[in-house]
Each structure stands twice: as structure tokens, then as C-alpha cells.
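Here's a quick tour of the model below. Have a look at the fold, then read on for the charges, the sheet and the salt bridges.

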Amino acid sequence: MNYKQKYKKIVNELVRESFPELEKNIPKVFELKFSKLFGIYLPITNRVGINKLCRKFLIDEIRGILVHELCHAEFCRKYGFFKNFFLFFIYWFYPPIRKDEEDRVDKLAIEKGYAKYLVLSSIRLEKLYPKCKNKTFMSHEEIKLYAKEIGKW
């Protein structure tokens, strides 16, 4: 089984377990070759990208990345075309909007019961991109704290 197939299998499992609204149109998976991002969701094409670097990650770290991206997909389905279009562009140029969106997505993943996977992927992010901690994504401490607060740890 190649990496793309492995990621697709995980996405299908996650959708079946926790994302019923995505079942009729499951996002396609592709590999990012040149990016600092671990993952990305592209709403216009309904695709989830996962960095080629992730081939070396533990399966639970990958699951944390993919569940995060599927939460983006869930929100995008609710937002509608104009909000997605606006958010897609402002997201990259206005850091407070980006941080709010990333926190909202992580909290949804935690509420769905995936805090432990998010912690693992966050620890990996923190090691590779320490300057981004608490600026563009929730730290593993924040994830754990929120999960404990809502009884999902």
C-alpha cells in the first residue's frame, strides 16, 4: 500500500466514524511536495493535502493531521461559497483570523474525541516549527487543557 492509499484509508475511517456530513463527498487526498504545512484542506477542489515529510511520522500523528484537515472540511461545508472564498484569502494575510480558525478547528477535533492524536501532531509541529507555537496552532498543552475541561481527555 502506498502512502496516498494509506492516507485515503485513514480519511475514510475518520469520515465513517465522525464526519457523516462528509460521507457523500469524501475529500480526495494528495501529497504536498514543497511546503512548510503538514496538511491543508482546499475547499474549492475538496482535497486534503498532506506533506511528503509525513511519510516518516507515526500513524497516530498522521491521524491527528488528517482529522484536523477534515474539521476544516466540515466547517467549509457550513460556511458556503462566499465565506470560504473570503476566508481562503484573508486567512493567509491576517494572522489573528488564521489563529482563530485553527483554534476553532482544533476544538472541533477535540470535541469529536481526537485530542490525543492532535497532541501528537502538535508536539511534532512544535519541534519542527517552534516559532509558530501558540501563534498559528494550539500547543499540545492547550489541546490537553481544553480536552480535560470538556471531559474529552
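Predicted model: local features only at pLDDT ≥ 70, side-chain atom pairs only at ≥ 80, totals over all residues.

## A positive patch

K4, K8, K28, K33, R47 and K52 come together on the surface as a patch of positive charge. To join a patch, a residue needs over 30% relative accessible area and no salt bridge, with like charges joined within 9 Å. Accessible area here is Shrake-Rupley with a 1.4 Å probe. Lys and Arg count as positive, and a charge is placed at NZ of Lys or CZ of Arg.

Numbering starts from 1 along each chain, and side-chain values use heavy atoms, without hydrogens or water.

## The sheet

Three strands make an open, mixed sheet in the order β1-β3-β2. β1 (28-32) and β2 are the edge strands with a single partner each, so one side of each has no neighbour in the sheet. From one strand to the next, the twist averages 25°, taken between axes fitted to C-alpha atoms, on a scale from 0 to 180 degrees between N-to-C directions.

Pairing takes at least two DSSP bridges. β1 and β3 run parallel over five bridges, with F30 partnered by G49. β2 (residues 39-42) and β3 (residues 47-51) are antiparallel over four bridges, and L42 partners R47. In their hairpin, with four residues between the strands, N46 has a positive phi near 55°.

## Salt bridges

How many salt bridges does the whole structure hold? The search finds eight, counting a Lys or Arg side-chain nitrogen within 4 Å of an Asp or Glu carboxyl oxygen. Among them is E13 with R63, at 3.4 Å from N to O. E13 belongs to helix α1 and R63 to helix α2 (residues 59-79), so this pair ties together parts 50 residues apart in sequence.

Conventions: Patch = residues over 30% accessible without salt bridge, like charges linked within 9 Å, V, L, I, M, F, W, Y side chains within 5 Å. Helix = DSSP H or I, 4+ residues; strand = E, 2+ residues; numbered from the N terminus.
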